[in-house]
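My entries follow in the order in which I looked things up.

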Amino acid sequence: MSSLLSSINCCANLTPSEWFGGLFKQCDPSECCCGCCSALRPRYKRLVDNIYPSNPQDGLVKSNMEKLIFYAQSSPEKLDRIGDYVARKVARDLSRHRNCYVVVAMEAMDQLLVACHAQTLNLFVESFLKIIQQLLESQEPDMQILATQSFVKFANIEEDTPSYHRRYDFFVSKFSSLCHNGNNNLEIRNTLRTAGLNGLKGVIRKTVSDDLQADIWEETHMDKIVPSLLFNMQCQDVIGALTTTTTDSTAGANTTVPAAAIAEECLKELVGRAAFGHVHSVVKPILKHLDNHHLWSARHPNEFAVHSFKIIMYSIQAQHSYAVIQMLMSHLDDISRSAEPFDSQIKIRTGIVNVLSQIVAISASESIGPSVLEMINSLLHHLRTSISNIQEMGYADEEELFQKTVIDTLGEFANNLPDYQKIEIMIFITSKAPPTAAVSSTDSQLQNIILKSLLKVTTKYKTVQMTKAFPTSFLNPLLSRSLASNPKVRLTVQRIFHQLLDRHNNLGKLSRPVSLSSPDMLAMEKTDRHDLMFMKKHGTELLFHIYETIQIANNTQQNFAAIYTTLALLCVELNSEETLTELLRLTFAVQDLAVAKTSTLSEPHKSSIHCLVSGFLHLIGHLTAIPAYCAHVEQVIKMRNERTPWLLPEYSADTKSALGSGGHNNKKQDVIDSTLLCSTPDDLLDELVFNRAVISQALQSSGHDVSNLMTPFMPPNVVDSTMTRSVSDINTITVEVDSVNSSPGLPRRQPEEDITFESLRKIINEPISAKQDELECKRLQIVDRFRNSSFHDLINRYERKSNDLQHKLFETFSRFSTPIKTIESIGGHELSVDIEVNNAMDCVDGITSDVEADDDGGNDDDIDNSQRGLGLRKQLTVDDNSWHFYDNPLRELCSETDVNSAGPPLFALKFPELFVY
């Protein structure tokens, strides 16, 4: 009875309209119990039934399919019923394993999707997706592949109406599982994985650009999609050899594409469509996948981590690229604080920094503002941590590799930045280095590592003007670190100078000094005004630090070679007569250090200095091409080569063991070794030392100004690197005070000197350095007081002194009151003071000398008392029976109300030689 009811169910459940609409159509014998009810079926069902062939192998009946498409386009309201009917037929065919009919049904659904664009297509799509879901849930690979292909075709269709209720959660999960398929048959496995990739690609294309499908960016979905893509990219060594055939929807042809390439294309599309708020959702699963599978340090395939992030950086929107860098830096910080075993942690950290070094240049041009310095500050912090880890945990080799990678990252980051940002980065890195006074080993290592980072950045900077390459905030810390106790730090500082000074690619030609052969041809040009100003402002300080660096006892041959390169680059790049003169003064001062009998330098140290001097003077000879100069230098080098070859750079103390292999016989080698042991540079003959007078005369004969060359190089005892004014400006100040003898009518009586042979011999033999130092110190104190003291302080200072002077003057002139009155009564005219007054002037001179001796400072009274005496003599006239003394000599020159706060004091205009502006 139940079988009978089920057999007539198809006829009993029809509505009246469907009954009469299908009156002339016979039903399918497999579906209905009688032939009469086929004529009562709806038309859309008859049209759907007619597309099925009698023989499943014949495929879709095309003529009937065209009728169905025409009917669907003419009656779009029937699309949902057509879709639902086809879905029920596909479900029945799947359950009966009639796969051929399933293929026919899917082909029909694909054609209907492409042909129809009605507003009611959404309801038809629901039926279509229901069929796709049924096929994907089957366990047959052919049906899963068929479903994927149909879904990809659907994903390429642009719908006219939005969908508010459609969700793709099932498809994300199912396609992701297909990407991880583990079928034992390698070919089937590859085909299913490729189908899963194509399905994910379709999901991404259909959802990421649809604002109504924003939930696709949720962590739940991204944690399935992104690892699936990375897994197939990672396994390209397994599936890359096999290829899969995919259908090009535009060309309609079959093309062979590697599965890994499909995964990369899918990842590019996903990242390229990500907005700023979705970047984190995409990158975070990538970081997790690389951590879980230990892929940060994997070199196969193709440095996977680097390759993956390059795909991301080239695909992401340019304005969002710096967000990826920030996430990598945050992940690096998290790994450093994690509880991972140290050996694996350091590998992960090195891998992350290696990725940064490879991709940071891609985003550097888009990174602006604080993000630049923030990233550099974080990398420098990891350098400090790395140094501490070496001392605490060991793993020196791994940490050194990590440090090298960090330094490369800093250099790559600065490579594409504008020049002004490179200068800011260099200043910032310098500020992070420990001070020169730091003595601990950790600080010394950190200082060296940070300066190496700075060196890497300088290799990416191209100097145009020295004033821009060496701002004061950068030059002064750099100079202070050139005197560090660690020779490696000093060597790094010199190399930083090399990179910034070399503007014509001469660095490789000046790497080591030579004296027995001609140097390579160098590119040179005339120095412009800006470079001359730089040398005038900072030259003395720069050369002084080089002078001090040469004297440090633990210098190696690399240090001396670097110093030679610095001097040579200064000579070539700052090509001017003033620079040449200053460099020669420094060179002879350095030579004096090595030949002085009172020198405390070691013998190898002195030999290295002689090698440095000979190489540099030999270079200048080839640059200037002055015959007399070149003849003297070549003569000295020839004499050294014959008698003391260890004083030439080719035979330095560190390379003397190689003399035998350079064409010298063993006998000469023994002579040289014995000479090195018994002779010292203190015993050098005059012909083995470069003569300052001969070189000066040679330069003068060729038209050079040698007025300063004969002046010994006198570096200041103390150099404050924070001073904005260079030492050379202070050294050029000369304090000159008008002599009292310049006052007409009032000659000052000079004491007679007893000049004898003994006094002359005493003057000649007496060392004058101490006296000169004392006078120089007094002069600098006067200059400093007038430069830094306020006007009121100067007034108060000299008022106090002038009161003491006035009291003694009144006391002195009271003794000569009678002769003065007599002179006043003669004719009532103003007369100059006679002999008695002149005697009084001599007394005044003695009094002022006493005041000078009583003053504690005593440094500026020479000027003050002379000015007081001059003012006094001008006022010492007989006028209306009154004497007028000025309390302060400066008040004669200006008043306090006339002082201009925006300009120099008025009394400074009267004494310009005392002030430096």
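Helices (H or I, at least four residues) and strands (E, at least two) are DSSP runs, numbered from the N terminus. With that settled, I looked up Glu77 and found it in the loop between α5 (62-74) and α6 (79-95).

Two notes on the source. This is a predicted model, where local features need pLDDT of at least 70, side-chain atom pairs count only at pLDDT 80 or more, and totals for chains, interfaces and linings use all residues. Residues are numbered from 1 along each chain as its sequence is written, and side-chain values use heavy atoms, with hydrogens and water left out.

**Entry: Glu77.** I use buried for under 20% relative accessible area, exposed for over 50%, and partly exposed for in between (1.4 Å probe, protein chains only). Glu77 has a relative accessible area of 48%, so I put it down as partly exposed.

**Entry: the whole protein.** I counted 40 helices and two strands in the secondary structure. The protein has 917 residues, and 48% of them are buried. Contact here means heavy atoms within 4.5 Å. Of the contacts with a separation of 6 or more, 73% are between residues 24 or more positions apart.

**Entry: the core.** A nonpolar core is a set of buried Ala, Val, Leu, Ile, Met, Phe, Trp, Tyr and Cys residues joined through side-chain atoms within 4.5 Å. Which members of the largest nonpolar core touch the most other members? They are Trp296, Phe309, Phe470 and Tyr629, in a core of 193 residues.

**Entry: the loop between α25 and α26.** I found Arg503 in the loop between α25 (487-501) and α26 (529-550). Is Arg503 buried or exposed? Its relative accessibility is 12%, so it counts as buried. A polar contact is a pair of N or O atoms within 3.5 Å; within protein, one must be able to donate a hydrogen and the other to accept it, and residues adjacent in sequence count only if both atoms are side-chain atoms. The side chains of Arg503 and Asp531 make one of 2.9 Å. Beyond four places in sequence, Arg503 also has contacts with residues including Lys462, Gln465, Met466 and Glu573.

Asp520 lies in this loop between α25 and α26 as well. Asp520 is partly exposed, because its relative accessible area is 48%. I noted 9.8 Å, C-alpha to C-alpha, between Asp520 and His622, which are 102 residues apart in sequence.

**Entry: Glu399.** I located Glu399 in helix α20. Its relative accessible area is 0%, so Glu399 is buried. A polar contact of 2.5 Å joins its side chain to that of Ser386.

**Entry: two histidines.** Most residues other than glycine have a negative phi. I noted His97, which is not a glycine, with a positive phi of about 60°. His97 sits in the loop between α6 and α7 (99-115), and counts as exposed because its relative accessibility is 57%. His294 is likewise not a glycine, and has a positive phi of about 55°. I found His294 in the loop between α15 (279-292) and α16 (304-315); at 61% relative accessibility, His294 counts as exposed.
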